[in-house]
Amino acid sequence: MHLLEIEKNSDHYIGQADPFILKAGGRYYIYVTGHDGIYAYQSDSLLSGWKYYGKVMTLPGRSSFWAPSVIELDGKFYMYNSIEIDEAVPDQGGHKGCMHVSCADNPLGPFTNIQKLMEPFSIDSHVVKTDAGLFIFYSTNKYEGERVGTYIVVDKLIDPYHAEGKPVKVVEATLDEEIYQKDRFKKGQHWHTIEGAFYFKEGDWQYVMYSGNCFEQPTYYIGYARAKTNESDLRKIKFEKYPDPDTWHPVLKANEFEEGTGHHSMIKEEGQWYAVYHARDYNDGLNADAFDARNARICKLNVKDGIITAERYKDHI
C-alpha cells in the first residue's frame with residue numbers, strides 16, 4: 001500500500017527511493033534519497049498522516065545523495081548515507097558513491113558536521129547497536145570470483161564517526177536473477193548486485209534482508225539471509241541465504257499492481273513487523289528507469305522461526 005505520495009516542486013519530482021523509517025519521541029520519520037540532499041517526512045501515526053518536511057541534509061557542490069539510515073545514540077541522531085564524490089576513483093566502473101556520516105540534535109536536522117566515513121565504493125548503510133557495540137552494514141564491490149559485483153559486508157564502528165576498516169562478508173550474489181548487467185566489463189563477466197541491507201533480530205534468529213538486482217530489472221527483489229544464534233558481535237555470524245544460495249525465493253517482488261519493489265527498512269509496532277520499501281505503480285506514466293518514479297510503500301512482514309513472509313495489498317495493510 002502507498003505510504004507517501006510523490007512530491008512535485010517547481011524543478012522536479014521528489015520520489016521516495018530507499019526509504020528509511022525511524023521512530024523517535026513517539027513520532028515517525030522517513031528519510032529518502034534525493035538529487036541535492038536527503039529529504040524527510042514525518043507523522044504522528046505509522047499508517048497515515050504523513051507530511052513532507054523537506055531537505056534535512058546536504059553538502060554544497062554535491063549532486064547525488066542516496067540511501068540514508070539514521071540511528072539515535074545518547075540523544076543525538078546520526079545519519080549515514082552515500083554522497084557522490086568528485087575525485088577520481090580507480091577500478092570502480094564509474095561509481096563514486098562514498099559513505100558519509102552527519103549528526104543532528106533532532107530527527108529533522110539539519111544534519112551537519114558531515115564527514116567521510118569510508119572510501120568509495122560504499123553505499124546502502126544500516127547501523128545497529130548490540131551488546132558488542134556499533135556495527136555498520138553496507139555494500140561495496142568485488143572484482144574477483146565467480147560472481148563479481150556489489151555485495152554486503154559488516155564492519156564495527158569505533159564510534160559514530162570512525163569504522164575499524166575490517167569489513168566481513170555477509171551476503172553475496174549466487175543467482176542469475178541477481179545479474180544487474182551482462183558482459184559489463186568484458187564478455188562473459190556479468191555484474192551482480194546485492195545491496196540495501198537491513199539487519200534485525202527476532203527470537204532466536206538474526207536476519208539480514210537485502211535487495212537483489214536493480215530497480216530497473218524485472219527480477220529486482222527483496223530476500224534475506226539468516227542465522228540462529230545469540231552472538232552479538234555481528235562480524236562473527238555466518239548468515240545464510242534462505243532457503244539456500246541456489247534458490248530464488250523473494251519475500252517481495254513485482255506483482256500485479258507494483259514493480260521495482262526493493263530497498264526497504266523495517267519497524268515493529270505492537271508485535272507486528274512492517275516493511276517500508278520503494279516501488280512503482282505499473283500505470284504511473286513514468287518509465288522504469290525514471291529516478292523519481294519510486295515512492296514509499298508499506299506492508300506487513302510476518303516473522304516466525306526463521307521464516308519471513310509478506311502481506312501486500314494495493315489499497316490497505
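**Basis.** I am working from a predicted model, where local features need pLDDT of at least 70, side-chain atom pairs count only at pLDDT 80 or more, and totals for chains, interfaces and linings use all residues. Residues are numbered from 1 along each chain as its sequence is written, and side-chain values use heavy atoms, with hydrogens and water left out.

**Ile 152.** I found Ile 152 in strand β13, residues 149–159 (strands are DSSP E runs of at least two residues, numbered from the N terminus). Its relative accessible area is 0%, so I list Ile 152 as buried (under 20% relative accessible area, 1.4 Å probe, protein chains only). I then looked up its contacts (heavy atoms within 4.5 Å), leaving aside neighbours within four places in sequence; among them are Phe 137, Tyr 138, Val 168, Val 170, Ile 194, Ala 197 and Tyr 210. I also checked Ala 24: it is 128 residues from Ile 152 in sequence and 27 Å away in space, C-alpha to C-alpha.

**Second largest pocket.** Pockets and cavities come from a 1 Å grid over the protein atoms alone: a cavity is a set of points where a 1.4 Å probe fits but cannot get out, a pocket is an open set with protein on both sides within 12 Å along at least five of seven lines, and lining residues have an atom within 4 Å of a point. Grid points are joined across faces, edges and corners, and a volume is the space filled by probe spheres set on the points. I read a volume of about 500 Å³ for the second largest pocket. Its lining has 26 residues, with His 126, Val 127, Val 128, Phe 198 and Tyr 199 nearest the centre. β11 gives the largest share of that lining, five residues. By class I noted 14 nonpolar, five polar and seven charged (Ala, Val, Leu, Ile, Met, Phe, Trp, Tyr, Cys and Pro are nonpolar; Asp, Glu, Lys and Arg charged; the others, Gly among them, polar).

**Cavities.** I have two cavities of 30 Å³ or more. Of its 13 lining residues, Phe 20, Ser 125, Ala 197, His 263 and His 264 lie nearest the centre. β7, β11, β17 and β21 each supply at least two residues of this lining, which has five nonpolar, six polar and two charged residues.

The second largest cavity has about 40 Å³. Its lining includes Leu 175, Tyr 210, Lys 241 and His 249. Strand β19 (residues 221–228) gives the most to it, three residues.

Conventions: Helices (H or I, at least four residues) and strands (E, at least two) are DSSP runs, numbered from the N terminus. Buried means under 20% relative accessible area, exposed over 50%, partly exposed in between (1.4 Å probe, protein chains only).
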